[in-house]
Amino acid sequence: IKTSLPVAASTFEYNMKRARDSEDAMTTADASPFTILCFGDSNTHGYDGTQARLGERMPYGKRWTTLLERQLGGKAIVIPEGLNGRTSNFDDPLNSLPPCCDGGDAASANGRRFLLPCLHSHKPVDVVVLGLGCNDLKPRLGPLSPSEIAKGCQRLIADIKKSNAGPNGGAPLVVLLSPPLIIHRGFHPDFGVDCEARSRQTIDEFSQLRVPKVSAEKAADVFIDLGAVASTSDDGLHFDYDGAVKIAEAVKQQVLKVLDI
């Protein structure tokens with residue numbers, strides 16, 4: 001013989017279940033995902049290096065920053081802060097950006113000038129994926145030696161570590177991306193004919209910017225050699241869709257590692 005609960009009891013249990021489901025949903029909605037700030041240059045911006053689409057910005061869904069957020073499956077919000085022509089901390093008098101502040105064009109793409117305001121506008125920031133140094137290779141900026149370029153990025157790492165822009169006023173973790181391994185193909189003459197050798201040397205210098213090579217307050221938590229992850233596309237400087245997929249996967253693995261998730 002089948003029996004059923006009185007209507008009042010059934011309605012009560014149904015309403016209690018709805019309340020519990022609602023509380024669970026609110027708890028999920030209120031839980032803050034990790035915040036990952038990707039601070040870089042044109043390769044973070046999504047500059048397409050293929051000859052057919054050269055100079056265009058990759059569609060939103062094709063950029064490595066977008067792919068990274070998807071691959072993290074809701075665990076994190078990824079904030080893309082990539083700017084074409086951005087240097088680590090050097091003014092570039094010939095960059096193509098509109099004038100800003102009191103430094104005119106030369107100051108527009110200086111990454112250090114914008115880093116701290118950017119961090120504090122998005123805080124608390126759990127992880128900064130730092131991808132600068134490529135534009136520092138332009139001979140007109142010195143030319144700067146690979147060691148000097150690495151030291152420029154080390155200043156940014158130190159700024160991040162003492163920014164108090166991380167969780168509970170602490171320091172964000174830093175995932176350091178090397179510059180790409182540049183191939184001279186004539187598309188970007190401002191990088192010089194020896195850009196491949198200089199970029200390779202710069203990558204080697206970047207690999208030293210981590211513990212125990214340098215002190216923790218100036219060191220990246222992990223380092224990714226982009227030259228080993230993906231080859232540049234037709235222009236020898238930027239990536240294509242396939243490269244974006246590979247970069248997203250490499251960054252995801254290191255982000256999961258430093259966040260221990």
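The backbone oxygen of Leu237 lies 3.2 Å from a polar atom of the Asn43 side chain, which qualifies under the definition of a polar contact (a pair of N or O atoms within 3.5 Å; within protein, one must be able to donate a hydrogen and the other to accept it, and residues adjacent in sequence count only if both atoms are side-chain atoms). The model is predicted: local features need pLDDT of at least 70, side-chain atom pairs count only at pLDDT 80 or more, and totals for chains, interfaces and linings use all residues. Residues are numbered from 1 along each chain as its sequence is written, and side-chain values use heavy atoms, with hydrogens and water left out.

Asn43 belongs to helix 2; helices (H or I, at least four residues) and strands (E, at least two) are DSSP runs, numbered from the N terminus. With a relative accessible area of 10%, Asn43 is buried, where buried means under 20% relative accessible area, exposed over 50%, and partly exposed in between (1.4 Å probe, protein chains only). Leaving aside neighbours within four places in sequence, Asn43 is in contact with Trp64, Pro180, Leu237, His238 and Phe239, contact being defined as heavy atoms within 4.5 Å.

**Asp235**

Asp235 is located in the loop between helix 8 (226-229) and helix 9 (241-259). The Asp235 side chain does make polar contacts with two histidine side chains: that of His188 at 2.8 Å and that of His238 at 2.6 Å. Apart from residues up to four places away in sequence, Asp235 touches Tyr47, Gly49, Leu54, Ile183, Arg185, Phe187 and His188.

**Salt bridges**

The whole structure contains 10 salt bridges. Three of them are listed here.

| Pair | N to O distance |
|---|---|
| Asp190 and Lys138 | 4.0 Å |
| Arg140 and Asp190 | 3.8 Å |
| Lys161 and Asp221 | 3.5 Å |

Asp190 and Lys138 form a salt bridge that links distant parts of the chain: Asp190 is in the loop between strand 4 and helix 7 (195-206), and Lys138 is in the loop between strand 3 and helix 6 (146-161), 52 residues apart. Lys138 counts as buried at 7% relative accessibility, while Asp190, at 31%, counts as partly exposed.

Arg140 also pairs with Asp190. Because Arg140 lies in the loop between strand 3 and helix 6 and Asp190 in the loop between strand 4 and helix 7, this pair ties together parts that are 50 residues apart in sequence. Arg140 is partly exposed, with a relative accessible area of 31%. Asp92, Lys138, Arg140 and Asp190 are linked in a network of salt bridges.

The salt bridge between Lys161 and Asp221 joins helix 6 to the loop between helix 7 and strand 5 (222-224), so that parts 60 residues apart in sequence are tied together. Lys161 is buried, with a relative accessible area of 18%, and Asp221 is partly exposed, at 35%.

**Helix 3**

Helix 3 spans residues 64-71, and its buried residues are Trp64, Thr65, Thr66, Leu67 and Leu68. The cover over these buried residues includes strand 1 (34-40), helix 2 (42-45), strand 2 (76-82), strand 3 (127-131), strand 4 (173-177) and helix 9. Arg70 is also in helix 3 but is exposed, with a relative accessible area of 55%. Arg70 and Lys252 are 182 residues apart in sequence and 9.9 Å apart in space, C-alpha to C-alpha. Just after helix 3, Gly73 adopts a positive phi of about 60 degrees.

**Overall organisation**

The secondary structure comprises 9 helices and 5 strands, and from the N terminus the elements run α-β-α-α-β-α-α-β-α-β-α-β-α-α. Of the 261 residues, 47% count as buried. Among contacts between residues at least 6 apart in sequence, 71% join residues at least 24 apart. The accessible surface comes to about 13,000 Å², of which 54% belongs to carbon and sulfur atoms; accessible areas come from the Shrake-Rupley method with a 1.4 Å probe, and for residues only the protein chains shown count as cover.

Terms used: A salt bridge is a side-chain nitrogen of Lys or Arg within 4 Å of a carboxyl oxygen of Asp or Glu.
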